[in-house]
Amino acid sequence: MAPTVERKQIDITPLKKANVPIIFIVGGPGSGKGTQCERIVKKYGLSHLSSGDLLRDEVKSGSARGGQLTKIMEAGELVPLEVVLDLVKEAMLKEVAKGSKGFLIDGYPREVKQGDQFEAEIMPARLALYFEVAEETLVKRCLKRAETSGRVDDNAETIKKRLKTFMQSTTPVVDHYAKKGKLVKINAEGGVDEIFGVVQQHLDKIFK
Ligand SMILES: Nc1ncnc2c1ncn2[C@@H]1O[C@H](COP(=O)(O)OP(=O)(O)OP(=O)(O)O)[C@@H](O)[C@H]1O
Ligand SMILES: Nc1nc2c(ncn2[C@@H]2O[C@H](COP(=O)(O)O)[C@@H](O)[C@H]2O)c(=O)[nH]1
Ligand SMILES: [Mg+2]
């Protein structure tokens, strides 16, 4: 049973007023979301918010909530969606205060209901970019990254659990946004530059 989480009252009026494009970045563990987001930020100057990184920062803060979160993440499971949504809202507000031109919400949503709650509480996403990669490639990339990342969830056992979580909870997100006509599916098996070339074809249409 996921721990109950008290919601924070967060005033997102500045976010609604800014009304800048929001792009969900979806893909399995190791699919290259963070890598492509770095390229996108460099070219388009957007704000990159990784829900995983926000959670890891909460863990690093040493808060009681952080202690709860690290156990869930080590198990490769999803943390309570309200926790992520509040962390994302607070991070987006900080970026809007700095004049953000738009958002890449990396690794989000993980579940259909999480995306629906985000869009209901904040605003609809413009696009969902889905980096499609075969499971064996995902495992290979995460194990290679594990050599240097120091992430609690970069180990063979947790990678397997994260893949299972992705297949069960997150692949329905792909169909959900496809049905909304908002999905851009990108084959992310190839090299970083090749994939980024395809990404640019889609983002150039939104960010002139
Ligand atoms: N196109 C690619 N080809 C080969 N390796 C890649 C490619 N894109 C990313 N990588 C490498 O794969 C690993 C995972 O990439 P990245 O961290 O960007 O994935 P991610 O989707 O953000 O993963 P997670 O969801 O676990 O944070 C990194 O070590 C990265 O350098
Ligand atoms: N319920 C959710 N859990 C999330 C979300 N984003 C991340 N997470 C948790 O963090 C780890 C690491 O994420 P990563 O993107 O860096 O791989 C992940 O396995 C989940 O436990 C989210 O949006 N919702
Ligand atoms: Mg990442």
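The side chains of R65 and E58 meet in a salt bridge, with 3.2 Å from N to O; the term is used here for a side-chain nitrogen of Lys or Arg within 4 Å of a carboxyl oxygen of Asp or Glu. R65 is buried, with a relative accessible area of 17%, and E58 is buried at 15%. Buried stands for under 20% relative accessible area, exposed for over 50% and partly exposed for what lies in between, with a 1.4 Å probe and protein chains only. The model is a predicted one, in which local features need pLDDT of at least 70 and side-chain atom pairs count only at pLDDT 80 or more, while totals for chains, interfaces and linings use all residues. Residues are numbered from 1 along each chain as its sequence is written, chains are lettered from A and ligands numbered from 1 in the order in which they are written, and side-chain values use heavy atoms, with hydrogens and water left out.

In total, the structure holds 17 salt bridges. One of them joins R151 to D153 at 2.9 Å, N to O, and D153 counts as buried at 6% relative accessibility. R151 and D153 also belong to a salt-bridge network that includes R145, D154 and R162. Another pair is K161 and E157, whose closest N and O atoms are 3.2 Å apart. Both lie in helix α8, four residues apart, about one turn of the helix; helices (H or I, at least four residues) and strands (E, at least two) are DSSP runs, numbered from the N terminus. K161 is partly exposed, with a relative accessible area of 35%.

Turning to the nonpolar side chains, the largest nonpolar core has 36 residues. Such a core is a set of buried Ala, Val, Leu, Ile, Met, Phe, Trp, Tyr and Cys residues joined through side-chain atoms within 4.5 Å. I22, F24, M92, F103, I105, F118 and I122 have the most contacts inside this core. At least two of its residues come from each of β1 (22-27), α3 (51-60), α4 (64-74), α5 (81-97), β3 (103-106), β4 (127-132) and α8 (156-179), and α5 gives the largest share, nine residues. I22 touches M92, F103, I105, F118, I122, M123, A125, R126 and L127, not counting residues up to four places away in sequence, where contact means heavy atoms within 4.5 Å.

Points are joined across faces, edges and corners, and a volume is the space filled by probe spheres set on them. The largest pocket holds about 840 Å³ and is lined by 44 residues, with P29, K33, R110, R151 and R162 nearest its centre.

The structure holds one cavity of 30 Å³ or more. The largest cavity, with about 30 Å³ of space, is lined by I25, V26, G27, K33, G107, Y108, P109, R110, F166 and T170. β1 gives the most to this lining, with three residues.

How values were computed
On a 1 Å grid over the protein atoms alone, a cavity is a set of points where a 1.4 Å probe fits but cannot get out, and a pocket is an open set with protein on both sides within 12 Å along at least five of seven lines; lining residues have an atom within 4 Å of a point.
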